[in-house]
Amino acid sequence: MAQSLHLFSHLSSYRSISHIPSPSSLPLPRIQALRLRHRRIPRVSASASMPPPDLGSPLLASENGVAIDVDSVTEAELKENGFRSTRRTKLVCTIGPATCGAEHLEALAVGGMNVARLNMCHGTHEWHREVIRQVRRLNEEKGYAVAIMMDTEGSEIHMGDLGGTPAAKAEDGEIWTFSVRSFNSNLPDHTIHVNYDGFAEDVKVGDELLVDGGMARFEVIEKFGPDVKCLCTDPGLLLPRANLTFWRDGSLVRERNAMLPTISSKDWLDIDFGISEGVDFIAVSFVKSAEVINHLKSYIDARCRGSEIAVVAKIESIDSLKNLDEIIRASDGAMVARGDMGAQIPLEQVPSAQQKIVKLCRQLNKPVIVASQLLESMIEYPTPTRAEVADVSEAVRQRADALMLSGESAMGRYPEKALSVLRSVSLRIERWWREEKRGEAMELPDVASSFSDKISEEICNSAAKMANNLGVDAVFVYTKTGHMASLLSRCRPDCPIFAFTLSTSVRRRLNLQWGLIPFRLGFSDDMESNLNRTFSLLKARGMIQSGDLVIALSDMLQSIQVMNVP
C-alpha cells in the first residue's frame, strides 16, 4: 500500500512527497531523501461536503453547517493566554459526597477536571448512575469531554463500612476490635468489620496491622473467636472500605492475599454496571498478572461488541511490580496507586517504583496516572504542605499523563482548592521544563507492530522534533481511533496537540493523555479541506489567528504538513 507524506511551507505553498514506494523498497531512515515537488493549496469552503459527525453533544461552534465541539474553558484559555499557556498534565478527580452535586461537578470541570473517577468501594449503583448521568449532561450542555473512570474495589482485605459514619479517628493507646462477625445493628464503639473471613485465623499476636497503607497502625494484642483486639500505636483517620495489611517480623504477610482472586464477585457486578452505563475506563485493583487484564478485555468485548472501554491496571502490590512489563503491555493504561503500594513495599522504595512505572508506560505508549495522597492534608486544610507541592511537582517533572485526587475531592473540605493547586503547580513545572529542557532528545523505543504503524510512529516522532525545532504554535492531528494522537502525546512536544476526532467516546478517552486537547469534528480524507475548515471554525471562535504556525497530521493518509494559518 502506498503511503503519502506532505511537508508544507509558509502560507499558500508547500512541498509534497506524493508517493512512498512499497515497504520492500523503502528504508524508513531515507524518507527525507525522496524527491520533492511544488504545488498550490486550493482554498476549500467551510461548507464543503463531509461525513456528518456522530451525535452525543451539542455543536458549539459552527459555520455554514459545519461544527466543532469545544468547551468554554479551553476556548477561554487559548483566547486569553495563547497556545503555550495550556496545561499538558491531565487531572483526575474522585467523586464523592463532597462533589456529587451538579454545581460541584461543573465547578470541577471549570477548574480543569479531565476525568471523573468513581470508587466502587463506596456508594450504590444508583448513586454512581446519577453521577454518570450528571457528568454526561454536563458534557452535552457545555461541550466538555470529561471521561468517566470506574475503579473496582478488588478482593484484598478491606475494612467494612463504619456504621454509616464517613470516618473515625483512632487515637494513640486506644483498643479497637477488628471482627469478621456481621452485625445486624449498629457497630459497637471502637469496632471495625473486616471483609475477609479468615482474618482472625491468619493474624497472630504481635503482628502489625496497617490501615490504608499506614494512615493508622495497630498491634495485635489478643485473639478470641472471630474478634481481634488491637492497640493503636500510630493514630490516624479510619475511612470506610480502607485496605488492611498485616506485617510479621518486619515482612508483609501475603500468603492469603496471594490466593484471593483479583476480580471478586462484587467486582464483576460492578463491571457489568460500568459496561451498561458506558464508562470510558475501568481501573482494576490489585492486578497480579497480564492474564487478568486479558480476561477482562475479552469479557468486555463479549458483553458489548465494539466496546471502547479502556482497561487501566492499578499497580499497587508486590505481584504487580514483579510482573510490571507484561501487565503494562496488556493494559490500556496504568495507575501508580502509591498508598496501597507503600503498605506492601518499604516506603523508601515507592519513589523509585513510581519513576520506573511512569517511564515504562511512556515507553510503551500507555497513559499513566500518579495517584494517592498527593494533597492529603487538603482533606482538612485549605492549603497544602510544601512537601506535597514538591511531590506533585516531581510527578509532573516525570511527565506523567495525569495526577489524581482521591479523598481530597471525594470527601475533603476544599475539593476545588485542591484541584486548583494541582492545576497551578502543573502549569508552572511544565513551563519550567520547556524553558530549561528545550530540544531534549526523545529516546523512545519502537512500539509499532506493523509496517503501517511504523510509518505512523516515525511521522509522529518527526513531527514532535520539528515542532520543537521550529517553535510551532500547535500540532493538529486528525484521528479516527486516537492512535496517532496517542503517539504524538508520547513524544511530549513543547506545544499543545489539537486532536480532532469523529467520535465522542474517542474524544473523552483522549482527555486522559498528556498534552492532548480533544475536539469532535466531522472530517474527510481530504486534508486540505479539513485544514481550511478547521482554520475557519477556530478563527471564528478566536482560538487561533492568521500567521500561527501549525503542524498537521492525519492517521487516514499518514501525512504530515507544516503551514501558517491563512
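The structure is a predicted model. Its mean pLDDT over the chain is 85, and 86% of the residues reach at least 70. Residues 1-60 have a pLDDT under 50. In the model this stretch has 132 contacts beyond four places in sequence. Where pLDDT is low, the predicted coordinates should not be read in detail.

**Pockets and cavities**

| Space | Volume | Lining residues |
|---|---|---|
| Largest pocket | about 1000 Å³ | 47 residues |
| Second largest pocket | about 680 Å³ | 27 residues |
| Largest cavity | about 300 Å³ | 23 residues |

The largest pocket has a volume of about 1000 Å³. Closest to its centre are Asn 119, His 122, Leu 239, Pro 240 and Gly 407. Two or more lining residues come from each of β7 (115-119), α3 (125-142), β20 (333-337), α10 (338-344) and α13 (407-410). Helix α13 gives the largest share of this lining, three residues. By class, the lining of the largest pocket has 19 nonpolar, 17 polar and eleven charged residues.

Which residues lie nearest the centre of the second largest pocket? They are Asp 332, Asn 365, Lys 366, His 483 and Ser 486. The elements that each supply two or more residues to the lining of this pocket are α7 (290-303), β19 (310-315), α15 (451-470), α16 (483-491) and α17 (504-510). Eleven residues of the lining of the second largest pocket are nonpolar, eight are polar and eight are charged.

The model has four cavities of 30 Å³ or more. In the largest cavity, Asp 71, Thr 74, Arg 87, Asn 114 and Asn 511 are the lining residues nearest the centre. Its lining takes two or more residues from each of α1 (72-81), α2 (102-111) and β25 (516-521). Eleven nonpolar, six polar and six charged residues make up the lining of the largest cavity.

**Nonpolar cores**

In soluble globular proteins, nonpolar side chains tend to be buried together. The largest nonpolar core in this model holds 71 residues. Within this core, Ile 282, Ile 315, Leu 375 and Leu 403 touch the most other members. Beyond four places in sequence, the contacts of Ile 315 include Leu 321, Leu 324, Ile 327, Val 336, Met 341 and Ile 357. A second, separate core has 28 residues, among them Val 180, Ile 192, Phe 199 and Val 203.

Ala 418 is part of helix α14, which covers residues 415-436. Is Ala 418 buried or exposed? Ala 418 counts as buried because its relative accessibility is 0%. Apart from neighbours within four places in sequence, Ala 418 is in contact with Leu 375, Met 378, Leu 405 and Glu 408. Ala 418 and Ser 377 are 41 residues apart along the chain, and their C-alpha atoms are separated by 9.6 Å.

Asn 530 belongs to helix α18, residues 527-540. Its relative accessibility is 0%, so Asn 530 counts as buried. Not counting residues up to four places away in sequence, Asn 530 touches Tyr 478, Phe 523, Ser 524 and Met 556.

Note on methods. Residues numbered from 1 in each chain as written. Predicted model: local features only at pLDDT ≥ 70, side-chain atom pairs only at ≥ 80, totals over all residues. Heavy atoms only, no water. 1 Å grid on protein atoms, 1.4 Å probe; cavity = no way out; pocket = protein on both sides within 12 Å on 5 of 7 lines; lining within 4 Å. Points joined across faces, edges and corners; volume = space filled by probe spheres on them. Helix = DSSP H or I, 4+ residues; strand = E, 2+ residues; numbered from the N terminus. Nonpolar A, V, L, I, M, F, W, Y, C, P; charged D, E, K, R; others polar. pLDDT = per-residue confidence, 0-100. Contact = heavy atoms within 4.5 Å. Core = buried A, V, L, I, M, F, W, Y, C linked by side-chain atoms within 4.5 Å. Buried < 20%, exposed > 50% of the residue type's maximum accessible area, 1.4 Å probe, protein only.
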